[in-house]
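Please look at the sequence and the model together, and follow the account below with both in view.

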Amino acid sequence: MKFIADGMLGKLTRWLRLLGYDVEYSSRLDDAQLITSAKKERRILLTRDLELYHQAVAKGIDAFYLDGKTGAENLSQLAKRFNVKLDIDMATSRCTKCNVVVRPISKEKVVDKVEKSTFSYYNEFWECPKCGQIYWQGAHWTRIKKTLEAAKENLLNKKGS
Ligand SMILES: [Zn+2]
């Protein structure tokens, strides 16, 4: 399952990549380019633009219209429709910038790449093979988990309604 997201979904794109999904995204793609790419690469088009959604569906493209007000709402809509998983497994996570799967990197190798406090607190690190970005499950992880928990809760509440 691969996605392509419209220019308004930069934040959601980062979420999906972290969750391990292949998402093509560029704020420079126009509607026609989004539709062409979706068709050529068999990607599901994610959009906040109802007009684009109808255009894509008319052309036989698998598209999904997102109208969530928060990241958690959009994630739960995707979980409901496509069974997108709402747990992060760093073994499958992709770089939020490059869409490339990150790989584990040993602690010694990040000593010059992260702040001292980060280095001393954490033992597990991952690196993007393309841009070199280092990932770790730091303090920001609490916020990430909260959003995912909220998304799961939305999903439960909407069931059976
Ligand atoms: Zn990267």
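A polar contact is a pair of N or O atoms within 3.5 Å, where, within protein, one atom must be able to donate a hydrogen and the other to accept it, and where residues adjacent in sequence count only if both atoms are side-chain atoms. Helices (H or I, at least four residues) and strands (E, at least two) are DSSP runs, numbered from the N terminus. With these terms in hand, the start of helix 3, residues 50-58, can be described: a side-chain oxygen of D49 comes within 2.9 Å of the backbone nitrogen of E51. Just after helix 3, G60 has a positive phi of about 80°.

This is a predicted model, in which local features need pLDDT of at least 70 and side-chain atom pairs count only at pLDDT 80 or more, while totals for chains, interfaces and linings use all residues. Residues are numbered from 1 along each chain as its sequence is written, and side-chain values use heavy atoms, with hydrogens and water left out.

The protein chain holds six helices and seven strands, and from the N terminus on its elements follow the order β-α-β-α-β-α-β-α-β-α-β-β-α. Taken along the principal axes, the C-alpha atoms of the protein chain fill a box of roughly 55 × 35 × 20 Å. Of the 161 residues in the protein chain, 43% are buried, where buried means under 20% relative accessible area, exposed means over 50%, and partly exposed lies in between (1.4 Å probe, protein chains only).

Helix 1 is followed by G20, which has a positive phi near 105°.

Two packed helices are described by the angle between their axes and the distance between the axes. Axes here are lines fitted to C-alpha atoms, for helices over the stretch in contact, and angles run from 0 to 180 degrees between N-to-C directions. The axes of helix 1 (residues 10-18) and helix 4 (residues 71-82) come within 10 Å and cross at roughly 55°. Helix 1 and helix 4 are therefore oblique to each other; angles under 35 degrees count as roughly parallel, over 145 as roughly antiparallel, 65 to 115 as roughly perpendicular, and the rest as oblique. For helix 2 and helix 3, the axes come within 11 Å and cross at roughly 40°, and these two helices are therefore oblique to each other. The crossing of helix 1 and helix 4 is right-handed, and the crossing of helix 2 and helix 3 is right-handed; a crossing is right-handed if the near helix is turned clockwise from the far one by less than a right angle, and left-handed if anticlockwise.

D30 lies in the loop between strand 2 (22-25) and helix 2 and is partly exposed, with a relative accessible area of 41%. A polar atom of the side chain of D30 lies 3.1 Å from the backbone nitrogen of A32, and the C-alpha atoms of D30 and G7, which are 23 residues apart along the chain, are separated by 8.3 Å. In the loop between helix 2 (31-40) and strand 3 (44-47) is R42, which has a positive phi of about 50° although it is not a glycine. R42 is exposed, with a relative accessible area of 74%. N99, found in the loop between helix 4 and strand 5, is another residue other than glycine with a positive phi, near 70°, but N99 is buried, with a relative accessible area of 14%.

Which residues provide the protein donors of the zinc ion? Donors are N, O and S atoms within 2.8 Å of the metal (3.2 Å for Na, K and Ca), and water is not among the atoms, so sites may look incomplete. The SG atoms of C95, C98, C128 and C131 are the protein donors, lying 2.3 Å from the zinc ion, and in sequence the donor residues are spaced C-x2-C-x29-C-x2-C. The four donor atoms subtend angles of 105 to 115° around the zinc ion, which makes the arrangement tetrahedral; four donors count as tetrahedral if all angles lie between 85 and 135 degrees, four count as square planar and six as octahedral if opposite donors are over 155 degrees apart and all others between 65 and 115, and anything else is irregular.
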